[in-house]
Amino acid sequence: MNSELLKELSNADSVASVEDEVRSILYRELAKYSDEVFSDRLGSIIFHKKGTSPNPLKIMFCAHIDEVGFMVRHISDIGFVYVVALGSVLNKSKEMQMVRITTQDGKKVEGLLNVTKDSNGNVKEMYVDIGVDSADEVAAEYRYQTVGISWTNSYKIVTAEEARQIQDKVIAGKAMDDRTGCYVMIEAMKRIHGNVENDIYFVGTSSEEVGVRGGKTATHLIDPDIVFALDVANNPELVKNYTNHRLIGKGPMIVHYDKTLSPNKKLIKYVKELASKHGIPYQSDMFGGGGTDAGNAHLEKGGRLALVLGIPLRYCHGSYSFVHSDDLESLTQLVNCLIDHLTYQDYQNFINFIGG
């Protein structure tokens, strides 16, 4: 496993619509393997490997390039930077957490995120203390450095943790939702050797954490036949029984249902049989809530097939998440199997609703 690449992806700061740091990594890693690179108008980046078949399928694999985080909403008189959340940040990760604020000119300013609470103990407001005492010091030169934070030019706020290896096959870091999916896309595209029969699109989608937006716009632009969203799910309980289908190290999840998508059952069966045939471990899962880029993608232009292939995490949307390298390797193998084996006839069988 290329742990340094995963750490670099995790450490990059990219919230919805300000995703240049991750987009740049994807471009650096994948442009040379692509026949063309283009983007939608939200900032999703698309890498296209052209197929050689006279009747190719258009298969899209996507992973979102944004992360949960915050943005500036107000600077108080005493120099506190009040923020709002972008996406569903865990409440536990809103208190006494070091964060990084990226200003318009690329400066990184660190501070301590904290909260005020109402009488019921619920988070009321969030603010960042950067160690100054007035609004003027937040915006102006202070202690020989330009701070330059304002609600008009401070674009990204994320937790300041650095990714690290904590066990032989376990890496902890911020934004593993969905930098792990981005990592799998990179590895899978690099493993394509020679020509492919189908048109393959690897897409880093924008703004998933604030309404699964880039999956919709990229799908509209590409018009694929099948969309596979490479996303994650949180391990809800640290137990190993029938209630938990998201154990790290036990294989990626083939997701049978979430509140935005009930996938084609023939497609699910095909993917599970393909994984079993090639000795790729997997877990079958359902999401009680939530949704991914596949939810919006499958409704575009009269509908298309879509399926979520998930990576199990511990502590998703927290300051740190844990991911197991075996799960990333298994999902990469599954993606490459789909690229190598999916045919137009398979697709026709999936969508043969009238014929049975």
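In what order do the strands of the open sheet of 3 strands stand, and is their pairing parallel or antiparallel? I keep in mind throughout that the model I am reading is a predicted one. The order I found is S12-S13-S19, and the pairing is antiparallel. Strand S12 (164-167) and strand S19 (321-324) each have a single partner strand and stand at the edges, so one side of each is left without a neighbour in the sheet. I also noted the twist, which averages 35° from one strand to the next.

I then looked up the pairing of strand S13, residues 170-173, with S19, and found that the two run in the antiparallel sense over 4 bridges. For one position I wrote down the partner as well: isoleucine 171 is bridged to valine 323, which lies in S19.

My next entry concerns helix H4 (residues 176-190) and helix H8 (residues 325-341), whose axes come within 9 Å and cross at roughly 50°. The crossing in which H4 passes H8 is right-handed. On the H4 side I listed Thr180, Tyr183, Val184, Glu187 and Ala188, and these meet Leu328, Leu331, Thr332, Val335 and Asn336 in H8. Sorted by class, the contact of H4 with H8 has 6 nonpolar, 3 polar and 1 charged residues.

I went on to helix H1 (residues 3-11) and helix H2 (residues 20-30), and for their axes I recorded an approach within 9 Å and a crossing at roughly 150°. Since angles over 145 degrees count as roughly antiparallel, that makes H1 roughly antiparallel to H2. H1 passes H2 in a right-handed crossing. The residues of H1 that I found in this contact are Leu5, Glu8 and Leu9, which meet Val22, Ile25, Arg28 and Glu29 in H2. By class, the contact of H1 with H2 comprises 4 nonpolar, no polar and 3 charged residues.

How many aromatic pairs does the structure hold? I noted 7 aromatic pairs, and I followed up the one formed by phenylalanine 61 and phenylalanine 202, which is stacked, with 5.5 Å centre to centre and 20° between the planes. This pair links distant parts of the chain, as phenylalanine 61 is in strand S3 (residues 58-64) and phenylalanine 202 is in strand S14 (residues 199-205), 141 residues apart.

Conventions. Residues are numbered from 1 along each chain as its sequence is written. This is a predicted model: local features need pLDDT of at least 70, side-chain atom pairs count only at pLDDT 80 or more; totals for chains, interfaces and linings use all residues. Side-chain values use heavy atoms; hydrogens and water are left out. Two strands pair if DSSP finds at least two bridges between them. Axes are lines fitted to C-alpha atoms, for helices over the stretch in contact, and angles run from 0 to 180 degrees between N-to-C directions. A crossing is left-handed if the near helix is turned anticlockwise from the far one by less than a right angle, and right-handed if clockwise. Contact means heavy atoms within 4.5 Å. Ala, Val, Leu, Ile, Met, Phe, Trp, Tyr, Cys and Pro count as nonpolar, Asp, Glu, Lys and Arg as charged, and the others, Gly among them, as polar. Rings of Phe, Tyr and Trp (its six-membered ring) pair if their centres lie within 6.5 Å; planes under 30 degrees apart count as stacked, over 60 as edge-to-face and the rest as tilted. Angles under 35 degrees count as roughly parallel, over 145 as roughly antiparallel, 65 to 115 as roughly perpendicular and the rest as oblique.
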